[in-house]
Amino acid sequence: MDIKKIEHIGIAVKDLEASKKYYEEVLGLECYAVEEVADQKVKTAFFMVGETKIELLESTQPDGPIGKFIEKKGEGIHHLAFAVNNIEGQLAEAKEKGVRLIDETPRSGAEGLDIAFLHPKSTHGVLTELCEDKNK
Ligand SMILES: C[C@@H](C(=O)O)C(=O)SCCNC(=O)CCNC(=O)[C@H](O)C(C)(C)COP(=O)(O)OP(=O)(O)OC[C@H]1O[C@@H](n2cnc3c(N)ncnc32)[C@H](O)[C@@H]1OP(=O)(O)O
Ligand SMILES: [Co+2]
């Protein structure tokens, strides 16, 4: 695969406002965007840390992926997202190499990126997101 960098680290939180305060007031990071992604049933808050972002995720519905994750495991690191070119090609390669795809075709994520997830059961336990900025 052709990975450029870690695009973001996704963190599941119960209360976006409360956790945002920790990142701002304790860690001293600046939240530069808050966005709801209805397709994923989440509200997100983004912080830039060098070239990588932290994506806080609060569930907007109990049956969404973040709602279910928090119910089972509590708050914490949820996924690792890599920036790639040609996301469709990367998905095809991953599939060809035996990885189970959650998304066979990319969906719309936050910040206008195309995103697709690889199943944690075939990535040694890490829910993995591929992201491509097709507007660049
Ligand atoms: C806004 C956007 C963006 O960046 O632009 C986002 O990030 S949206 C971020 C939120 N969206 C997503 O995560 C979409 C992709 N995620 C999904 O489709 C789902 O959450 C799955 C990862 C397939 C899990 O869903 P499912 O209903 O199957 O839950 P489940 O609890 O039965 O999980 C099946 C097995 O996977 C494990 N599992 C579940 N979530 C996990 C996670 N985040 N990391 C590692 N392992 C995980 C469970 O422990 C379980 O293992 P055991 O059987 O051993 O107990
Ligand atoms: Co993400």
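**View 1. Helix α2 in the lining of the largest pocket.** Helix α2 (65-73) gives the lining of the largest pocket its largest share, six residues. Helices here are DSSP runs of H or I with at least four residues, strands are E runs of at least two, and both are numbered from the N terminus. In this predicted model, local features need pLDDT of at least 70 and side-chain atom pairs pLDDT 80 or more, while totals for chains, interfaces and linings use all residues. Residues are numbered from 1 along each chain as its sequence is written, chains are lettered from A and ligands numbered from 1 in the order written, and side-chain values use heavy atoms, without hydrogens and water.

View 2. Take a look at strand β5 (residues 76-84), where histidine 79 sits. Histidine 79 counts as buried because its relative accessibility is 4%, and buried means under 20% relative accessible area with a 1.4 Å probe, protein chains only. Beyond four places in sequence, its contacts (heavy atoms within 4.5 Å) include Ile9, Leu57 and Phe117.

**View 3. The cobalt ion (ligand 2).** Here His8 (NE2), Glu55 (OE), His79 (NE2) and Glu129 (OE) coordinate the cobalt ion at 2.1 to 2.3 Å; donors are N, O and S atoms within 2.8 Å of the metal (3.2 Å for Na, K and Ca), and water is not among the atoms, so sites may look incomplete. Along the sequence, the donor residues follow the spacing H-x46-E-x23-H-x49-E. Histidine 8 in strand β1 (residues 3-13) and glutamate 129 in strand β8 (residues 128-132) link distant parts of the chain, 121 residues apart. Histidine 8 and glutamate 129 are both buried.

How values were computed:
Buried < 20%, exposed > 50% of the residue type's maximum accessible area, 1.4 Å probe, protein only.
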